[in-house]
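We will go stop by stop.

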Amino acid sequence: MALRGWVAQFRSILVCAVFLATALPAAAQEPPILEVSAGYSLLRAQRGFGVNLSDVKETLHGWYAEAAATETNLLSLVGQVTGNYATVNGQKVKAHEFAAGPRFNRRSGGPTVFGQFLIGVANYRPHGPERSTNATVHVGGGVSLGPSNGVGFRLGGDYERIFTGGSHLLSPETGERTNGLRLTAGVVFPIGS
């Protein structure tokens, strides 16, 4: 009985040692100095962005581009720009957003999971000369798939709050806000290590 217990303990220690031996080289890999990502962006907004469209939900399709500078293994600083476009009730709507903030990463040997908080501005131009620029806040996250030293794939999603109160173009009532959901999918290129 004592021999069986010793063999079981030895087996457990051996399994742990093998696990650590394979995990430590992956943990020792340095994150890239800079990650650049670009791809498709979908924006679903609860309130329309054009004249007489404040009670219309809109889905805008477009692109995104971002750069994330690695500060530590956990923290990156992100700058993001997006462009989304649609035609709603005969009006061509353009939405361009610029945001920046911290991204918190959970890096492992496989996928990198991240959460982010971005603050920025959003510029909306429906058909015609009118335009509006408002503050925006994004809270979201995603996952980066693929090798840490080659081209990877990134999926992300953000809840977005657009402070549209007082804008005759976006919201006729003072204090109103627009909520949106942004989904992104694209490629990511790590630069440096």
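Begin inside this predicted model. The largest cavity holds about 80 Å³ of space. By the counting rule used here, there is 1 cavity of 30 Å³ or more.

Select Q80, Q116, G156, D158 and T184. Of the 14 residues that line the largest cavity, these are the closest to its centre.

What classes of residue make up the lining of the largest cavity? There are 3 nonpolar, 6 polar and 5 charged residues.

β2 (58-70), β5 (112-125), β7 and β8 each supply at least two residues of the lining. Which strand gives the largest share of the lining? That is β7, with 5 residues.

Next, select β7, residues 152-162. In a regular strand the side chains alternate between the two faces of the sheet. Show the covered face of β7: G152, R154, G156, D158, E160 and I162.

Select β6, residues 132-145. β6 and β7 pair in the antiparallel sense over 10 bridges. To find one, pick V143; its bridge partner in β7 is L155.

Finish with β8, residues 178-191. β7 and β8 also pair in the antiparallel sense, over 11 bridges. Pick G152 to see one of them: its bridge partner in β8 is V188.

Note on methods. Residues numbered from 1 in each chain as written. Predicted model: local features only at pLDDT ≥ 70, side-chain atom pairs only at ≥ 80, totals over all residues. Heavy atoms only, no water. Buried < 20%, exposed > 50% of the residue type's maximum accessible area, 1.4 Å probe, protein only. Helix = DSSP H or I, 4+ residues; strand = E, 2+ residues; numbered from the N terminus. Pairing = 2+ DSSP bridges. 1 Å grid on protein atoms, 1.4 Å probe; cavity = no way out; pocket = protein on both sides within 12 Å on 5 of 7 lines; lining within 4 Å. Points joined across faces, edges and corners; volume = space filled by probe spheres on them. Nonpolar A, V, L, I, M, F, W, Y, C, P; charged D, E, K, R; others polar.
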